[in-house]
Amino acid sequence: MVDACLNGFTYGISRDAFRHRYQGDLSRRPAAPLTGGRDPPADVFDAFGDARGAHDRSILGVTVKQMDRRLLILTRLREETAFRAADLAKECECSVRTVYRDVDALCQAGVPVAAMPGEGYRLAPGYHLPPIAFTVEEAVQLLLGSDLAHGLGTPEQREAARSAAAKVEAALRPDTRAETDRLRQRIRVSDWLRREPTPWLSLLQQAVAHDQVLWLQYHSFSSDELTERKIEPYSLIFYGEDWHVVGYCRLREGMRDFRASRIRHAQLLPERFERMAGMLLAEDRGHSTPEEVRIWVERAIVPWARETPAFGFDREEPAEGGAVFIYRAWDLRRLLPWVLSWGASARVLAPAHVADRVHREAAALAQRYAEA
């Protein structure tokens with residue numbers, strides 16, 4: 001096991017990570033002896049001393065930023081894969097030269113950072129970070145995320161979310177826990193979200209994770225028909241208050257978005273598929289062109305119309321007495337209910353055939369109530 005830190009970087013040599021010594025040839029720089037599972041020396045988090053340490057510590061803002069950056073680097077280096085200096089610089093939003101200085105400071109503090117030729121940096125095996133101290137803000141956000149996951153996942157995932165939340169709470173200092181509890185009484189996820197998700201969620205996740213073909217019995221909104229099809233699921237996304245499977249549909253020979261609540265039955269097939277690079281949902285729209293629909297909305301209604309835009313919303317433009325909502329619509333059936341929901345406060349400006357369609361729907365609605 002490597003038990004010393006990487007040789008310090010010198011300014012006389014190009015400071016490229018791949019020009020440093022091999023992992024098996026680390027420097028004899030004095031460092032705290034390392035044993036498996038031992039916490040890093042305190043000065044890793046207290047100072048990370050470098051040539052400019054005394055000056056930096058006199059400027060609180062610089063010191064905090066430097067500490068955050070080096071802790072981020074240390075956290076990344078504990079992962080299984082090596083990281084190049086350029087990748088660390090991009091993530092830390094700093095220069096590669098700064099990353100070299102930070103890694104050198106970590107070494108001086110006794111952290112065994114190894115440079116892997118052709119790969120990048122990583123921590124020596126057996127090195128462990130001390131327990132993470134969450135701030136109040138971090139703890140609140142993590143616990144809110146756990147509450148959201150509890151309402152959207154499978155029973156197994158709900159239990160995992162509950163367990164993860166318990167671990168976060170257990171890691172908090174008493175004063176942090178008290179403040180976190182106080183905020184969580186005021187900032188929380190509504191119980192309405194904690195409902196039963198689609199019964200096919202676990203199967204859909206498995207298909208996406210293992211590139212397995214799915215057989216679906218699906219109720220399509222546009223055609224209002226029940227179809228059977230095989231799909232190659234690329235991703236599973238939650239939006240619009242439901243899970244959506246995005247994948248290649250062999251029946252339609254193109255990428256499609258399948259709303260989980262419209263799946264009547266699903267079966268995981270043993271067949272696996274090979275993902276094709278560059279497959280995007282938008283590319284499949286080539287067989288049809290979206291139609292631009294311009295809808296005027298009365299000023300008093302504009303704020304509420306913004307809250308619940310219909311599918312295909314593109315942009316909003318100012319207009320006399322209100323605003324014009326511009327949609328790119330592939331399926332007018334998705335747009336008509338939204339227009340009609342605002343009554344006389346909304347009016348289709350163009351195209352003419354859409355305005356005529358709304359007129360006929362409104363007339364039929366009026367006739368229905370006249371007959372009641």
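In the predicted model, helices H11 (residues 332–341) and H12 (residues 352–371) pack with their axes within 11 Å. The axes cross at roughly 60 degrees. H11 is therefore oblique to H12. The crossing is right-handed. On the H11 side, the contact is made by Leu332, Arg333, Leu336, Val339 and Leu340. H12 contributes His353, Val354, Arg357, Val358, Glu361 and Ala362. By class, this contact comprises seven nonpolar, one polar and three charged residues.

A cis peptide bond joins Ala350 and Pro351, with omega at about 0 degrees. Pro351 sits in the loop between strand S11 (346–350) and H12.

Most residues other than glycine have a negative phi, and most peptide bonds are trans. Two non-glycine residues with positive phi are described here. Glu93 has a phi near 55 degrees. Its place is the loop between helix H4 (85–92) and H5. Glu93 is exposed, at a relative accessible area of 72%. Asp211 also shows a positive phi, of about 55 degrees. Asp211 belongs to the loop between helix H9 (201–210) and strand S3 (212–220). With a relative accessible area of 22%, Asp211 is partly exposed.

Helix H5 spans residues 96–108, 13 residues in total. From first C-alpha to last, H5 reaches 19 Å, close to the expected 18 Å. Its buried residues are Thr98, Val99, Tyr100, Asp102, Val103, Asp104, Ala105, Leu106 and Cys107. Just after H5, Gly110 adopts a positive phi of about 100 degrees.

Note on methods
Residues numbered from 1 in each chain as written. Predicted model: local features only at pLDDT ≥ 70, side-chain atom pairs only at ≥ 80, totals over all residues. Heavy atoms only, no water. Helix = DSSP H or I, 4+ residues; strand = E, 2+ residues; numbered from the N terminus. Expected span 1.5 Å × (residues − 1). Buried < 20%, exposed > 50% of the residue type's maximum accessible area, 1.4 Å probe, protein only. Axes fitted to C-alpha atoms, helices over the stretch in contact; angles between N-to-C directions. Parallel < 35°, antiparallel > 145°, perpendicular 65-115°, else oblique. Left-handed = near helix turned anticlockwise from the far one by under 90°. Contact = heavy atoms within 4.5 Å. Nonpolar A, V, L, I, M, F, W, Y, C, P; charged D, E, K, R; others polar.
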